[in-house]
Amino acid sequence: MSEIVLHNYFRSSTSYRVRIALEMKGLEYTYVAHHLRHGEHRDAPYLAVNPQGLVPALVWSDGTLLLQSLAIMEFLDETVPEPPLLPADALGRARVRMLAQMIACDIHPVNNLRVLTSLRTLYGAGDEDIANWFRHWVNETFEPLEKILASSPDTGMFCHGDRPGIADICLVAQVANNQRFNLDMTPYPVISRINAACLELPAFRRAAPANQPDAE
Ligand SMILES: N[C@@H](CCC(=O)N[C@@H](CS)C(=O)NCC(=O)O)C(=O)O
């Protein structure tokens, strides 16, 4: 099998999701870093690979370009079934996707670097305004997420039962991002507990931002 290439950046939470999934599946890959703060994801050589100019981008072993971390994780799960990242039953899969998408669709897009940069350039927002914006949109979803996780018998050691999956991956990557903006995690004991349980696992640790070759 030819090599799998992951275009990513150590601090990118969507890249972190895919790194965790690759590690859980035991897949080796070539790490290609693009420094987002230096705008390397907008340089011509990378745009030739990924016209969207975002990370992650996974180039599969047959040369196929795959974008969108949720789609990539599901592809990896279908291609390498063990350990599964989604439950066996349809209702369980819907619940895990729901939890993952609360983070991936309702928090990440409004807190992405290009959005925060636009707040600065278009509206003159300063560092504190940006941090407040970021925390606001995390809290908007973490409050209901905490309630849903705390009140459901489906929640176990992880978001769904006692096996980590796609929702846990999104949760861990989001919590890592939150730390950069000093988000108070005290109101979120269940999310914090699940995050801590995931970080005990070698795959999550190997994928952590601090353990990547471009970490600063
Ligand atoms: N929905 C995409 C989002 C990808 C994305 O926006 N990645 C961020 C890093 S976490 C990025 O490349 N940002 C560059 C920018 O905002 O300029 C996914 O889940 O893969």
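Domain bounds in these legends come from an automatic or database domain assignment. The model is predicted, with local features requiring pLDDT of at least 70 and side-chain atom pairs counted only at pLDDT 80 or more, while totals for chains, interfaces and linings use all residues. Residues are numbered from 1 along each chain as its sequence is written, and side-chain values use heavy atoms, with hydrogens and water left out.

**View 1. The two domains of the chain.** Domain 1 spans 5-81 and domain 2 spans 90-204. Their C-alpha centres are 20 Å apart. To the contact (heavy atoms within 4.5 Å), domain 1 contributes 16 residues and domain 2 contributes 21 residues. About 1700 Å² is buried between domain 1 and domain 2, 68% of it from carbon and sulfur atoms; buried area is the accessible area (1.4 Å probe) that two parts lose on being put together, summed over both.

**View 2. The salt bridge between Glu74 and Arg97.** One salt bridge is found across the interface of domain 1 and domain 2; the term denotes a side-chain nitrogen of Lys or Arg within 4 Å of a carboxyl oxygen of Asp or Glu. The side chains of Glu74 and Arg97 form a salt bridge at 2.8 Å, N to O.

**View 3. The side of domain 1 that touches domain 2.** Helices α1 (13-24) and α3 (69-79) each supply at least two residues of this side. The largest share, eight residues, is from α1. Helices are DSSP runs (H or I, at least four residues), numbered from the N terminus.
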